[in-house]
Amino acid sequence: MKTDFLSFLRPDIAEKYSVSIRLRVDGLCFHIYSDSGELEYEEWFAYPCGVYEEKDAVEEVFYKNPFLAYPYKKVIIYYEPLVYTLVPIQLYDESKGSFWLQAISEEPEVGAEATARRWECYTTELQDNKKLLLSAANKPVIRFLNRQMLVVDPKPYFVDLLLQESKFARECTGRQLSVIIRKNAIDAFIFENGEIVFANKFDLSVALDSEEVIGEIVYYILMIARTQSLDACGDHLRICVDDKRSHDMCQRLLDVASNFFQHCTID
């Protein structure tokens, strides 16, 4: 199907299709959809070895695959946020977005000038209409994609998953801790009555073996549970798999986490 579709696809008919690009730490996943929303084509592009800057790696992938930059009808870029936080709507000033993120950044001595070069800040509206999720994307990557594809719509990769998790949270009693596992980090969100009340990212030591990574993730889960006063019997833990390649590890993580949470599920 891939070969047939690519032989058919041309720049002059690309405007009939919508595209999503999922940026990951080690590559990008490219999807093409028809007007009816049917998936027509998908492919994973690993970043070339020896290229250490994400922007350079993305540029190399586009150079080798010209069809990625055809003039599509709509392009959504799902990025992995460098940092993010919840901000009350009443206090948010668009011109001061990076200052909120600088305050929680783990990078030492990140000045305003360095931040402006590296971060592209975006806000995501939440269902409670009281808070925004403010996040930073890799600015050189987003700017490159804008030049290649003219009009792109950047979103945190977990934006659709949060809607799903919010629905689960409204249907259960107590609070819900949703932990999303990706290759080099976990993203943790606490829901109360379906609303997000806590959001944070925790980087993982990718050099560790799978059992050590599981131990590291469990440590973060228990730390969050302790600092946020979660109830191991009444509150819920949901482990979400962002990367299918991590599914086996997440099943093992579920087994371990079940020792600490009475209500524990994997999705």
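**Leu 162**

I started with the contacts of Leu 162: setting aside neighbours within four places in sequence, I found Leu 133, Phe 189, Phe 191 and Ile 196. Contact here means heavy atoms within 4.5 Å. Before going on, I noted that this is a predicted model, where local features need pLDDT of at least 70, side-chain atom pairs count only at pLDDT 80 or more, and totals for chains, interfaces and linings use all residues. Residues are numbered from 1 along each chain as its sequence is written, and side-chain values use heavy atoms, with hydrogens and water left out.

Leu 162 sits in helix H6 (residues 159-171). Helices (H or I, at least four residues) and strands (E, at least two) are DSSP runs, numbered from the N terminus. With a relative accessible area of 9%, Leu 162 is buried. My cut-offs are: buried under 20% relative accessible area, exposed over 50%, partly exposed in between (1.4 Å probe, protein chains only). I also looked up Leu 162 against Asn 259: they are 97 residues apart in sequence and 25 Å apart in space, C-alpha to C-alpha.

**Asp 187**

Next I went to Asp 187, in strand S10 (residues 185-192). Asp 187 is buried, and its relative accessible area is 0%. What does its side chain make a polar contact with? I got the side chain of Arg 182, at 2.7 Å. A polar contact is a pair of N or O atoms within 3.5 Å; within protein, one must be able to donate a hydrogen and the other to accept it, and residues adjacent in sequence count only if both atoms are side-chain atoms. Leaving out neighbours within four places in sequence, the contacts of Asp 187 include Tyr 84, Tyr 157, Phe 158, Asn 200 and Lys 201.

**Positive phi**

Most residues other than glycine have a negative phi, so I went looking for exceptions. Leu 150 is exposed at 67% relative accessible area, whereas in H5 the buried residues include Phe 144, Leu 145 and Met 149. Ser 229 also has a positive phi, about 55°. Its loop runs between helix H7 (210-227) and strand S12 (236-241), and Ser 229 is exposed, with a relative accessible area of 55%.

**The sheet**

I then traced an open sheet of five strands, in the order S3-S2-S1-S4-S8, with mixed pairing. Strand S3 (39-46) and S8 stand at the edges with a single partner strand each, so one side of each has no neighbour in the sheet. The twist averages 15° from one strand to the next. Two strands pair if DSSP finds at least two bridges between them; strand S1 (residues 18-24) and strand S4 (residues 74-79) do so in the parallel sense over five bridges. In that pair, Arg 22 stands opposite Tyr 78 in S4. Helix H2 (residues 54-64) packs on the sheet, touching S1, strand S2 (27-33) and S3, and its direction makes about 140° with that of S1. For that angle, axes are lines fitted to C-alpha atoms, for helices over the stretch in contact, and angles run from 0 to 180 degrees between N-to-C directions.
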